[in-house]
Amino acid sequence: MAGPARAAQAALARDDSLRQAKASLIEQGDKAQRKLNWLLRGRLADAVRDRALLPMWFVTVLGPVPPAHRTQEWMDHATQVLAYRVTYGITDQAVALGAAPDEYVPRRTEWHRELITNLRRW
């Protein structure tokens, strides 16, 4: 086996071992993320139902109300944007996701990129 392949295999083995050792913490994090999304989605649904004025950063990227034909997709995008803002303490009043992360932090950077891509397609 070539050197790079061996190194990659060793890295994957370490990752598997670490995931097994931290399975409980990973499960707790996943559960917390699901709960946050559920709570945010509920609050957003309430705001839409009550015809509340949404923040400018929100309206700029998602519009003031969900569209009639892709409502579920709109709710999914909006919930993810809200979750990102809450998770990373984004307070920018004009830009939905705030500035891109300054340094590469795998989970945050990839989530930011995914949201940017989804919002551009939206």
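## Burial and overall form

Of the 122 residues in the chain, 24% count as buried. Keep in mind as you read on that this is a predicted model. The chain exposes about 8800 Å², and carbon and sulfur atoms supply 57% of that area.

The radius of gyration of the chain is 18 Å, whereas a compact globule of 122 residues would have one near 14 Å. Along its principal axes, the C-alpha trace spans about 60 × 30 × 30 Å.

## Secondary structure and contacts

The secondary structure is quick to list: five helices and zero strands. Read from the N terminus on, the elements run α-α-α-α-α.

If we take contacts between residues at least 6 apart in sequence, 53% of them join residues at least 24 apart.

## A closer look at helix α4

Helix α4 covers residues 71–88, 18 residues in total. From its first C-alpha to its last it reaches 26 Å, close to the 26 Å expected at 1.5 Å a residue. After α4 comes Gly 89, which has a positive phi, near 60 degrees.

## The nonpolar core

The largest nonpolar core has 20 residues, and the members that touch the most others are Leu 44, Phe 58 and Val 81. Helices α2, α3, α4 and α5 each supply at least two residues of this core. The biggest share comes from α4, which gives seven residues. As a general background, nonpolar side chains in soluble globular proteins tend to be buried together.

Leaving aside its neighbours within four places in sequence, Val 81 is in contact with Trp 57, Ala 96, Leu 97, Leu 115 and Leu 119.

## Salt bridges

The structure holds five salt bridges. One of them pairs Asp 76 with Arg 41, with the closest N and O atoms 2.9 Å apart. This pair links distant parts of the chain, since Asp 76 sits in helix α4 and Arg 41 in helix α2, 35 residues apart. Asp 76 has a relative accessible area of 37%, so it counts as partly exposed. Arg 41 is also partly exposed, at 23% relative accessibility.

Within helix α5, Glu 110 and Arg 113 lie three residues apart, about one turn of the helix. Their side chains meet in a salt bridge of 3.1 Å, N to O. Glu 110 is partly exposed at 36% relative accessible area, and Arg 113 is partly exposed at 47%. Elsewhere, salt bridges that share partners join Asp 46, Arg 49 and Asp 50 into one network. In the bridge between Asp 50 and Arg 49, the closest N and O atoms are 3.0 Å apart. Arg 49 counts as exposed, with 57% relative accessibility.

Terms used: Residues numbered from 1 in each chain as written. Predicted model: local features only at pLDDT ≥ 70, side-chain atom pairs only at ≥ 80, totals over all residues. Heavy atoms only, no water. Helix = DSSP H or I, 4+ residues; strand = E, 2+ residues; numbered from the N terminus. Expected span 1.5 Å × (residues − 1). Core = buried A, V, L, I, M, F, W, Y, C linked by side-chain atoms within 4.5 Å. Buried < 20%, exposed > 50% of the residue type's maximum accessible area, 1.4 Å probe, protein only. Contact = heavy atoms within 4.5 Å. Rg over C-alpha atoms; globule rule 2.2 N^0.38 Å. Areas by Shrake-Rupley, 256 points an atom, 1.4 Å probe, with all protein chains shown as cover. Salt bridge = Lys/Arg side-chain N within 4 Å of Asp/Glu carboxyl O.
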